[in-house]
Each structure stands twice: as C-alpha cells, then as structure tokens.
Amino acid sequence: MLDPASVHVVFADLQDGIVDAGATNPASSIRRAVKVLNGLVAALDIPFTVSAAPRPGGPVMIEEVPDSEPYVRTGPSCWDDAAWREAVVSAGRPTLVICGVTTEIVVLRTALDALTHGLDVQVLVDACGGITARTEDAALRQIEAAGGVVTSVAGFAADMVRDFTTPTGRRVIAALHQLV
C-alpha cells in the first residue's frame, strides 16, 4: 500500500497543442485521467509540480492540470531544471508519480533520472501520450527495467485508499467514477 504522504506528482508537458499531438492515447482520455488525478491530489493533499517545455508565447497548460505556475525547463527531463528538482527533493517525498506527453521524452527522461537519484517512480499510462505505440512501449519497458512502476490513475488511487467508506475514500471513489 502506498502512503499518500510519501508521494509527489508531476504533471509534465500537458500543454495545449502538445496533448493533442499524442498518438497513443486520445487527448480526451488524457484530459479525463488528468482531471481525475487533479481531484486525487486535492483529496489526498498530495504536493505536485507542473513542468513545461518552452513554447513560443509561453506554456499554456490544459485546463485539467492543477492551477500552478509551471517550471519551464530547457531540456527533455524535469530533473535537469534545478528549481524543479529542488522543489521535489525538498518536499522529502520518496515516490515521484509522473504523467505527461510525450512518454518517450519527458516522462522517460524524468523517470530514469529520478530513479537514478534514489526516488521510487510510478508512471500513470492513462495520463500519458506517446509518439507511436511502439516507441511508447519501449519507453515504458525501459522505465520498468530501471525499477519504475507502470500503472494507471485508478491503480494508483486504489493503492493509496483502501477504504472507500471514509470521507476521503468517498471523495476518491467519486473522482474515480469520472474515468468510466
């Protein structure tokens, strides 16, 4: 069982225009999963960061991402952004949960870097989108081979909240119903 007090969530490159470019998961499915994850973050009081690739005119995050000023990084990994890395490390949460587009770039690089630096990593595939099914599968296999866990928003939630009759559990199950 995963303790919500050990988790930090990163929403990566979930920007207008980028989410629509993912070929492995329809934008509507990514948006629905991210919306539910946003609800889980709020219900379970889980800290999060938003990371964005630089874009002309600045990043414009999809509306389902929690409202937060994004860390704008210069490369493929969130870990390379010193301010982002400091925010995550200083939170003292040993599990990094990642979602984003594209799986083969920002999700893969951030996951591998976090694993190398001693964090546990979970990737939520329903809140990710890849370039092609074949390349996304290769990225997910690489994350698993390095010790990361590939799961879903529902699997992540059910691992943390085992009693849906509590007030928090009722909020979580209500959020999860939005996935179906």
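The model is a predicted one, in which local features need pLDDT of at least 70 and side-chain atom pairs count only at pLDDT 80 or more, whereas totals for chains, interfaces and linings use all residues. Residues are numbered from 1 along each chain as its sequence is written, and side-chain values use heavy atoms, with hydrogens and water left out.

Secondary structure elements are numbered from the N terminus and are DSSP runs, with helices taken as H or I of at least four residues and strands as E of at least two. An open sheet is formed by 6 strands in the order β3-β2-β1-β4-β5-β6, with parallel pairing; two strands are taken to pair if DSSP finds at least two bridges between them. In general, the strands of a sheet pair through backbone hydrogen bonds, in either a parallel or an antiparallel arrangement. The edges of the sheet are β3 and β6 (149–151), each of which pairs on one side only.

Strand β4 (residues 95–101) pairs with β1 in the parallel sense over 6 bridges, and within this pairing Gly 100 of β4 is the bridge partner of Ala 12. Strand β4 is also joined to β5 by 6 bridges, again with the two strands running parallel, and here Ile 98 stands opposite Val 123 of β5. The strand is mostly covered, 7 of its 7 residues being buried, where buried denotes a relative accessible area under 20%, exposed one over 50%, and partly exposed a value in between (1.4 Å probe, protein chains only). Both faces contribute to this picture, with Thr 95, Val 97, Cys 99 and Val 101 buried on one side and Leu 96, Ile 98 and Gly 100 buried on the other.

Together with α3 and β5, strand β4 makes a right-handed β-α-β unit; a crossover is called right-handed if, with the strands pointing away from the viewer, the path from the first strand over the helix to the second runs clockwise. Thr 102 is found in the loop between β4 and α3 (103–116) and, at 15% relative accessibility, counts as buried. When residues up to four places away in sequence are not counted, Thr 102 touches Val 107, Gly 129 and Ile 131, contact being defined as heavy atoms within 4.5 Å.

Helix α1 lies across β1, β2, β4 and β5 (120–129) and runs at about 135° to β5, whereas α4 packs on the sheet by touching β5 and β6, its direction making about 165° with that of β5. For these angles, axes are lines fitted to C-alpha atoms, for helices over the stretch in contact, and values run from 0 to 180 degrees between N-to-C directions. At the start of α2, a side-chain oxygen of Asp 81 reaches to within 3.0 Å of the backbone nitrogen of Ala 83, and α2 is followed by Gly 92, whose phi is positive, near 70°.

A salt bridge is assigned where a side-chain nitrogen of Lys or Arg lies within 4 Å of a carboxyl oxygen of Asp or Glu, and by this rule the count comes to 4 salt bridges. In one of them, Arg 73 is joined to Asp 13, with the closest N and O atoms 2.7 Å apart. Arg 73 lies in the loop between β3 (71–72) and α2 (82–91) and Asp 13 in the loop between β1 (7–12) and α1 (27–43), so the pair ties together parts that are 60 residues apart in sequence. Both Arg 73 and Asp 13 are buried.

A further salt bridge is formed between Glu 64 and Arg 31, whose closest N and O atoms are 2.9 Å apart. This pair likewise links distant parts of the chain, with Glu 64 in the loop between β2 (48–52) and β3 and Arg 31 in helix α1, 33 residues apart. Glu 64 counts as buried at 12% relative accessibility, and Asp 16, Arg 31 and Glu 64 are linked in a network of salt bridges.

Within helix α4 (residues 133–145), Arg 141 and Asp 137 are 4 residues apart and therefore separated by about one helical turn, and these residues form a salt bridge with a closest N to O distance of 3.0 Å. Arg 141 is partly exposed, with a relative accessible area of 48%, and Asp 137 is partly exposed at 39% relative accessibility.

Definitions and conventions. Polar contact = N/O pair within 3.5 Å; in protein donor to acceptor, adjacent residues only side chain to side chain.
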